[in-house]
Amino acid sequence: MEFSALLAQLLNGLAEASSLFLVAAGLSLIFGVTRIVNFAHGSFYMLGLYVAYSTVEYLVGRLGPAGFWVGLVVAPVAVGAFGALVEIVLLRRIYKAPELFQLLGTFALVLVINDATLYLWGPEELLGRRAPGLAGSISLLGRQFPTYNLFLMVIGPLVLGLVWLLLARTRWGVLVRAATEDRQMLGALGVNQAWLFTAVFALGALLAGLGGAVQLPREPANLALDLRSIGDAFVVVVVGGMGSLPGAYLAALLIAEIKALCVGIGSVHVLGLDFSLSKLTLVVEFLVMAVVLVVRPWGLLGKPQAGSRNSAPAEAPLRPAGNGLRWVALVVFVALAALPLLQTWLPYASVLAQDVLVSVLFAVSLHFIMGPGGLHSFGHAAYFGLGAYGAGILLKVLTLPMPLAFTFAPLVAGLGALLFGWFCVRLSGVYLAMLTLAFSQIVWSVVFQWEAVTGGSNGLTGVWPAAWLGDTAYYYLTLVLVAASVLLVRRIVFSPFGYALRAARDSALRADAIGIDVMRVRWAAFVVAGLFAGLAGALFVFSKGGVSPDVMAVGKSVDGLVMVLLGGIQQLVGPLLGASVFSVLQDSIMRATDYWRAVFGGVILLLVLVFPHGIAGFFQGLGNAWARLAARKPALLPREKRA
Amino acid sequence: MSLLQVRDLSKAFGGVRAVDGIHFDLHEGELLAMIGPNGAGKSTTFNMVGGQLRASGGSIQLQGRELVGAKPRQICHLGVGRTFQIAATFASLTVLENTQMALLSHHKRLYHWWRPVRDQYREQALALLEQVGMAAHAERPCSELAYGDVKRVELAMALANDPRLLLMDEPTAGMGPQERNELMALTKRLVVERRMAVLFTEHSMDVVFAHADRMLVLARGRLIAEGDAHSIRNHPQVQQVYFGSGKTFERPPQEPQP
């Protein structure tokens, strides 16, 4: 390709890097100080764009062209103020919660903000006006280059410099850096952390808002921007190192330039095959992240994280199921088995039950690595999807008979887990969550783009069970397989393997010292979880008759997390309860209102704020409190007498 | 031949030589204490023997087998048990299950996935707990125990692989005087019964002088004295390091200045 075209692409990459950096910088700053991974950061970016659209439209009418620039300044400030409000109202209540709950809480915000935006601005895309004075283009080596991109190229390093000055040269900056280093020590020295946290959060939101606002002339405001930009921002922050601003800029630069190169070079010819590099752009950032995390687990310029000081309290030892639980399980099983007989009165019940059963298996498989394993996966949908697509491809493309396709599908997911798990078990905490997310994104984009085999965005259709597994028979197959899997997973949790997994979670140091190969145990668990998720996927695809890439999107992984946490991560029945309640709720809310996302977000927030131990934990706590109350009564009496 | 031979062992963190060429031997049936002021290199030495840290130079041989470069879990399978400065057990497991876990690992049953843990190696685990005096608490969760009791559970776990060598990093920290002496008397008994050896670090000089057969004194990463209680008490350099000039962190006087 021509040199000038490549140069133009690289310059575009610089402009792109600025945009990435603005969002990532705020995320990194907030994480550094509050240790909260703010899922809603992409929403601030989106809001920045929407608010900038409205303020610019309004101010240009009043002030003429200067209104554009005033609007561009007003919008981020407004987003920053909104961020402060969010911090005061919501985040202050979850600083002490386990890491996972913070992620979920901010994810709920994403849903609420998205629906609020839909309500305020409507579903149409809104394209802002061009920047007065920078609307044209300049000539570079005979190519036209938009002037506005020059402005963008400058603004990233400029903000980096300003924030660096703020942190390095002001008293406030010293406090922020001290908080990044050791929050508890800072608190012990008498610094009012509450307002420090609020200020940092507001600054972070402001930066995200600025990142959105400056995109006004280039990108139409739309409702998909929040998740898209948060994905990019996560990758940038993780690659650069959590909490490191120069790292964030370096990572933004790296990713933007690699993307630009992929687009610029187009397709290459290697070993007689044509590779289209431009198709790589969807996944290249995740590939970069996977490589960086494996080579430098703390990111390019990051430091190893101190262990989270507010992890969940120690779990109670596992007890084998009592008679009560066994009876309940049996009754539920019989009731589920009876559902198809009630078809006349409850025509929809067995359809819903089918979905619930698949969700239960998915949640149980995720819980296996999250609960006993302590490995927080944000990409578990990948294995569900691999199972579903595996079955579909074996059936349609390799034309295997349905029973064989069904049997091999979980193995496809297991193989995926074998490969990805090897990388994932080397990390922990937020980095692990991000790497699992990256792998699921990679699988998603492969499925999305490999149209010849996967059907691309349309997915696969016509994936039906064999004739002898008609309607009711397939429901019974699902019921039996899910019940057997749930019992098997339970069996494994009580076996030496399950105990080794819990031991490694409780204390990797001690596990190592008594001769347990912690990584291998975790790896094996990852594969087991992948197999069961794959089975759930296979059950899913044959019940729906097809599959689309949505089943392995980020949203599906988060659904799984919500199910597990809703039920209660510390109890083995948690995922069963959580998945059932979740599926039924989602089904009824989605049919009742257009704003189901906001309702769903509200439910998650309620869960995070009111039921931090999930449904099962809530009932157990209630039981314990009752037992304590019952035990205390006699002891209280003598004291009352004395009084 | 001695059980453990440490030769010219060193560890550098950047430019700091935390452990600087130490030699010592440990014999079967012996309770060897490693003492020295803060920063002397005790824990570093310990973690190198246990495999948590990799030595920068020198060798550590257990019955002729090299430990430098081995991972902690491999060292465990070679017959080394250890306890940590801050006791590490599995908080969500009961005392019994903790001990069973150590036994299951020793017998290489970690990947068995069918039979419940409940009735595997139960008797052996109870016997170990009996030895450390924790059998009565077998069914309690580890997270509920008093700290001294957690240390006993840790000891039972460290004994599960029938170790030839037991490493104990400050075994009596956080215990009352009575408890300390009990634990050390117990350790001495175990050493004799099981014909193993113990290497331990300790800050309480009462414990060291009352229970150790022999002691090593470290200062600034170097071994400055070695011997029994009497000779250590009267060793001029040791006195200087601990009480003498007050300049604990100066280099020993006879050493050539760089």
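## Terms and model

Two residues are in contact if their C-beta atoms, placed from the backbone, lie within 7 Å. The structure described here is a predicted model.

## Helix α6 of chain B

The residues of α6(B) that are buried are Arg180(B), Leu183(B), Met184(B) and Thr187(B). Seen down the helix axis, the buried residues of α6(B) fall within an arc of 95°, and they therefore line one face of the helix. The face of α6(B) turned away from this buried side carries exposed residues, namely Gln178(B), Ala185(B), Arg189(B), Val192(B) and Glu193(B).

Helix α6 of chain B comprises residues 177-194, 18 residues in total. From its first C-alpha to its last, α6(B) reaches 26 Å, close to the 26 Å expected at 1.5 Å a residue. Just after α6(B), Arg195(B) adopts a positive phi of about 50°.

## A hairpin in chain A

In chain A, strand β1 (residues 137-140) pairs with strand β2 (residues 143-146) in the antiparallel sense, over 4 bridges. Within this pairing, Ile138(A) has Phe145(A) of β2(A) as its bridge partner. The two strands, β1(A) and β2(A), form a hairpin with 2 residues between them. In the turn, Leu141(A) has a positive phi of about 50°.

## Contact between the chains

Between the two chains, 26 residues of chain A are in contact with 35 residues of chain B. On the side of chain A that touches chain B, α18 (471-494), α19 (496-506), α20 (508-513) and α21 (518-544) each supply at least two residues. The largest share, 7 residues, comes from α19(A). By type, the residues of this side of chain A divide into 16 nonpolar, 3 polar and 7 charged.

Conventions: Residues are numbered from 1 along each chain as its sequence is written. Chains are lettered from A and ligands numbered from 1 in the order in which they are written. This is a predicted model: local features need pLDDT of at least 70, side-chain atom pairs count only at pLDDT 80 or more; totals for chains, interfaces and linings use all residues. Ala, Val, Leu, Ile, Met, Phe, Trp, Tyr, Cys and Pro count as nonpolar, Asp, Glu, Lys and Arg as charged, and the others, Gly among them, as polar. Two strands pair if DSSP finds at least two bridges between them. The expected span of a helix is 1.5 Å times one less than its number of residues. A residue is buried if 20 or more other C-beta atoms lie within 10 Å of its own, exposed if 12 or fewer, and partly exposed in between; C-beta atoms are placed from the backbone. The arc is that of the directions from the helix axis to the C-beta atoms.
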